[in-house]
Amino acid sequence: FMLGFLEKYPQFAKNDFYITGESLLFALVVLASANRVNLPEFGDEVSHAGYIQTNAEHNGNLFYWFFESRNEPSTDPLVLWMTGGPGCSSELAAVFENGPYVFDENQGTPAFNPHSWNNNASVIYIDQPYQVGYSYTDDDDYYIDNEAEVGAEMWKFMLGFLEKYPQFAKNDFYITGESFGGHYVPAFGAYVVEQMAQGNDSINLKGIAVGNGWVSPKVQYGAYGPFGYDNGLITEDKLTSMNSTFDKCSKLIDLKLWDLANAVCSELMQDVLNSAGNINIYNIKEPCTIPGLCYNFTSETAYFNRPDVQKQLNVFKEHVDWEVCNMEVNEKFAKAHDVIESTRSDIPKILAAGLPVLIYNGKYDLICNWVGGDEWTSTMQWPGQEAFNAQKLTNWMVDGKVGGQVRSAQNLTFLAVEAAGHMVPHDQPVFASAMINAFISGTPIA
């Protein structure tokens with residue numbers, strides 16, 4: 001009704017809006033359904049989309065697309081998904097990885113996903129920081145470029161979200177993400193833990209999960225050589241040469257000579273690519289068909305730029321030029337040295353609060369490979385380090401098949417997923433679904 005009213009009387013579209021009535025419950029129900037999405041290609045999925053203002057001074061607004069659980073929304077966990085980049089939109093994950101409908105690569109249209117993460121959880125896909133996806137600020141000179149700011153902004157976002165959807169405020173809450181989400185997720189998780197320690201229980205955090213995360217660059221740069229050699233991408237002589245380059249890379253990071261470190265460390269993955277030829281850095285078993293991101297996201301990009309789709313998603317502005325990744329945002333994080341700094345120190349803070357942490361890596365990914373993931377988790381200093389390292393990697397079985405190798409102790413789990421690249425839910429939806437369902441239900445993955 002209100003959408004139709006404001007379309008008929010557009011001069012009132014920007015006015016402050018209040019809901020009144022004789023029943024508080026009625027008002028809450030209306031408020032919660034105000035941003036309902038009605039896209040026929042998404043079938044009967046119950047979803048909401050819109051903005052949470054996180055900065056009034058600069059009119060900073062973060063966009064979300066929220067899918068209610070297919071099971072029991074009132075009691076199922078609430079899961080936040082943060083795509084990395086930095087600068088990439090989480091809406092891509094919603095239609096390419098673990099959402100209820102994902103694009104059929106042959107037809108170019110969304111197809112039902114039986115392994116969606118909202119089978120047993122309500123999932124929020126967030127575009128952050130500002131200028132990513134549909135998110136924006138009216139001040140082009142105001143931006144976010146480090147994890148301290150990301151943590152604070154995401155705290156404000158979730159408070160605003162739960163105020164808008166109070167029926168989910170008491171649900172168990174999990175923070176998940178991928179790639180540079182290895183910076184975002186630990187930073188936000190640690191921020192929530194700090195708030196909890198101060199007695200602020202507004203967010204019912206129960207754990208975090210990071211997929212193919214860029215968490216500890218100093219360690220992960222050193223994994224390019226061993227991963228490349230183990231997978232037949234480089235020779236033994238090249239491995240020796242790369243180990244020498246990594247020594248320089250590591251020392252420069254220790255000295256915090258960030259620009260020099262970035263230049264030297266970046267040579268390591270390029271060495272693998274120069275030797276391996278045309279491979280997809282996100283899945284070494286596939287060729288790179290499109291420069292940069294390697295995947296063809298033409299259908300997804302066209303979809304999110306359709307005026308009717310943007311209208312249904314309650315995009316504020318008349319038309320936003322949606323793109324998979326905003327490279328200006330990426331460059332700002334790089335210039336602030338956030339990309340090369342580590343967020344590994346945030347993980348022990350989360351574990352110390354008694355919260356489980358899941359780190360998973362697809363074994364075909366080069367850029368954030370599983371060798372590096374195994375290395376940074378096993379060398380991380382925390383009270384459970386000895387117990388964690390005492391566990392051997394053992395096969396993880398899913399429906400009688402080997403889904404990967406796992407080790408787990410004292411709430412920390414590392415999982416290397418078979419036959420999957422950087423985007424595990426896309427490459428192995430069955431394994432990814434089994435993994436997340438076990439994690440949010442408290443069932444041991446080991």
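1. Is the link of C88 and C325 right-handed or left-handed? It is right-handed, with 100 degrees about the S-S bond. The sulfur atoms of C88 and C325 are 1.9 Å apart. This pair joins distant parts of the chain, 237 residues apart. C88 sits in the loop between strand 3 (78–83) and helix 3 (91–96). C325 sits in the loop between helix 11 (307–312) and helix 12 (327–335). Helices (H or I, at least four residues) and strands (E, at least two) are DSSP runs, numbered from the N terminus.

2. This is a predicted model: local features need pLDDT of at least 70, side-chain atom pairs count only at pLDDT 80 or more, and totals for chains, interfaces and linings use all residues. Residues are numbered from 1 along each chain as its sequence is written, and side-chain values use heavy atoms, leaving out hydrogens and water.

3. The structure holds 3 disulfides (cysteine sulfur pairs within 2.5 Å). In sequence order of the bonded cysteines, the pairing is 1-6, 2-3, 4-5.

4. C249 and C265 form a disulfide with sulfur atoms 2.0 Å apart. This link is right-handed, with 100 degrees about the S-S bond. C249 lies in helix 8 (residues 236–254) and C265 in helix 9 (residues 258–276). C249 counts as buried because its relative accessible area is 0% (buried is under 20%, exposed over 50%, partly exposed in between; 1.4 Å probe, protein chains only).

5. C288 and C294 also form a disulfide, their sulfur atoms 2.2 Å apart. Their link is left-handed, with -95 degrees about the S-S bond. Both C288 and C294 are buried.

6. C368 is in no disulfide. The nearest cysteine sulfur, that of C88, is 12 Å away.
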